[in-house]
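Let us walk through this structure step by step. Keep the sequence and the 3D view side by side as you read.

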Amino acid sequence: MNCDESHLLLEAYADGELDLVRHIELETHLKACPACLRRSEGIAARRTRIRETLPRFNAPQALGETIRASLRAEAQKTAGQRPIRFLVASQWWNLAGLAASVTVALLAGYSWGGHSARSNSVAKEAFAEHMRSLQANHLMDVISTDRHTVKPWFAGKLDFSPPVVDLADIGFPLAGGRMDQIDGHTAAALVFRRRLHTINVFVWPARDAVPPPTSASESGFSAQGWTNGGLNFLAVSEIPAADLEQFVGEYKNRTQ
Amino acid sequence: MEASAPTEMSTFEQLMLPHLDSAYNLSRWLLRNPHDAEDAVQEACLRAFRSFSGFRGADGRAWFLTIVRNVCYSHLRHGKREFPKVAFEEDLHGSPQDSGETNAQCWLEAKGDLLRQALERLPAEYREVIVLHDVEGLSYREIAGVAEIPLGTVMSRLARGRGKLQTEIVTLSESTSP
């Protein structure tokens, strides 16, 4: 690790947010580089000062009461109109991760600039979904290496049929699938493995949707998109771009 | 499963109202005004309650804060409030320009009030990551979820935000000292 690389990581190091490998690499560098060590100490001191000094504003007592009252009014209003569906508590805790549908619905409310800006926002969203999918328990709703299990699982849940292929013979075994959201549309996310890494392939109908970017990269993730048979595809992963290209090429071959 | 509205309401209150202080704190920092902050939290609570059937996550606080943040941003977009003094420029790849070691003395002398003023002058994008991380104690990953930005962006915004905060403190303490 050189000094430029270490400068990028010092803040996250002070926050204890580096992964183990980079943490060790950075500490090795700091032992050998007094200038970076001094910078690191400065950043740590600044962080401590901010955390100790910034005030936290607590909600006024009356706010809780006002909110309870308006919730009661709201509940009475809706009780007469429609039954509210919700999952029982025991089911919630099995389903980890954020309520993607809500966040995407909120995202969709934003106004985007142009076409390419929206394509970019699709990529950004896919990166975020990919990252979220790497969190424990959110990766897969159906776990199977058999495409004949994964494909029918989607049948009752989507109004389109994502083509599911198996690429185990070239080193990308299928691992499962889940429901996701891209650009306000319900999407199928197919999960593939590359050794210890994960590839998410998002599939959603092309009608009224912007096409996915043909390629994009951000913070070590890369993405490649295409459209085929009325469906948008976007493959996202942290594997090298060349490996992802091989994966996408073969995926296209076998679905055409 | 169907549930009666009163049961849903008490479940909602049990899961979300413990995070009222976090919600108010974020809102207060983003809108920089107690009245607007209360309005936004109240609006966010109603929105959260209406979409509660869509909540399936284990992390109620992150879900609630996402809604609070979105309400605050729409207030900021529609409001004609004072503009931040420091321009927001996203830089995903460049290195944070500060060293963290300059003017170490000004940090020791920085009173809480000066730090608060300095933070209020930063653009909302920096303010929120600093508040969520340094005041509310959320992890980078949780912030990525709440602010709907990639993990790498959380890291770079926090680094740049703290650097800009330091610059603001220097500027403010120079302008107030005789």
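Start with a stretch of chain B that calls for caution. Over residues 92–102 of chain B, pLDDT stays under 50. The model still has 23 contacts beyond four places in sequence for these residues. Remember that this is a predicted model. Chain B as a whole averages a pLDDT of 80. In chain B, 75% of the residues score at least 70. For the model, the scores are ipTM 0.82 and pTM 0.57.

Now turn to a pair of helices in chain B. Helix α3 covers residues 34–50, and helix α4 covers residues 60–78. Their axes come within 9 Å. They cross at roughly 130°. The crossing is right-handed.

Which residues of α3(B) and α4(B) meet? From α3(B) come D36(B), A40(B), V41(B), E43(B), A44(B), R47(B) and A48(B). From α4(B) come F64(B), I67(B), V68(B), V71(B), C72(B) and H75(B). By class, this contact has nine nonpolar residues, one polar residue and three charged residues.

Next, look at two loops of chain B. The loop between α2 (20–31) and α3 holds R32(B). R32(B) is not a glycine, yet its phi is positive, at about 60°. Is R32(B) buried or partly exposed? It has 19 C-beta neighbours inside 10 Å. A buried residue needs 20 or more, so R32(B) counts as partly exposed.

The other loop joins α8 (140–147) and α9 (151–176) of chain B, and E148(B) lies there. E148(B) also has a positive phi, of about 55°, although it is not a glycine. Around E148(B), 20 other C-beta atoms lie within 10 Å.

Finally, move over to chain A. How many helices and strands are there in chain A? There are nine helices and eight strands. Chain A has 256 residues, and 35% of them count as buried. Consider its contacts between residues at least 6 apart in sequence. Of these contacts, 56% join residues at least 24 apart.

Methods. Residues are numbered from 1 along each chain as its sequence is written. Chains are lettered from A and ligands numbered from 1 in the order in which they are written. This is a predicted model: local features need pLDDT of at least 70, side-chain atom pairs count only at pLDDT 80 or more; totals for chains, interfaces and linings use all residues. pLDDT is the predictor's confidence in each residue, from 0 to 100. Two residues are in contact if their C-beta atoms, placed from the backbone, lie within 7 Å. Axes are lines fitted to C-alpha atoms, for helices over the stretch in contact, and angles run from 0 to 180 degrees between N-to-C directions. Helices (H or I, at least four residues) and strands (E, at least two) are DSSP runs, numbered from the N terminus. A crossing is left-handed if the near helix is turned anticlockwise from the far one by less than a right angle, and right-handed if clockwise. Ala, Val, Leu, Ile, Met, Phe, Trp, Tyr, Cys and Pro count as nonpolar, Asp, Glu, Lys and Arg as charged, and the others, Gly among them, as polar. A residue is buried if 20 or more other C-beta atoms lie within 10 Å of its own, exposed if 12 or fewer, and partly exposed in between; C-beta atoms are placed from the backbone.
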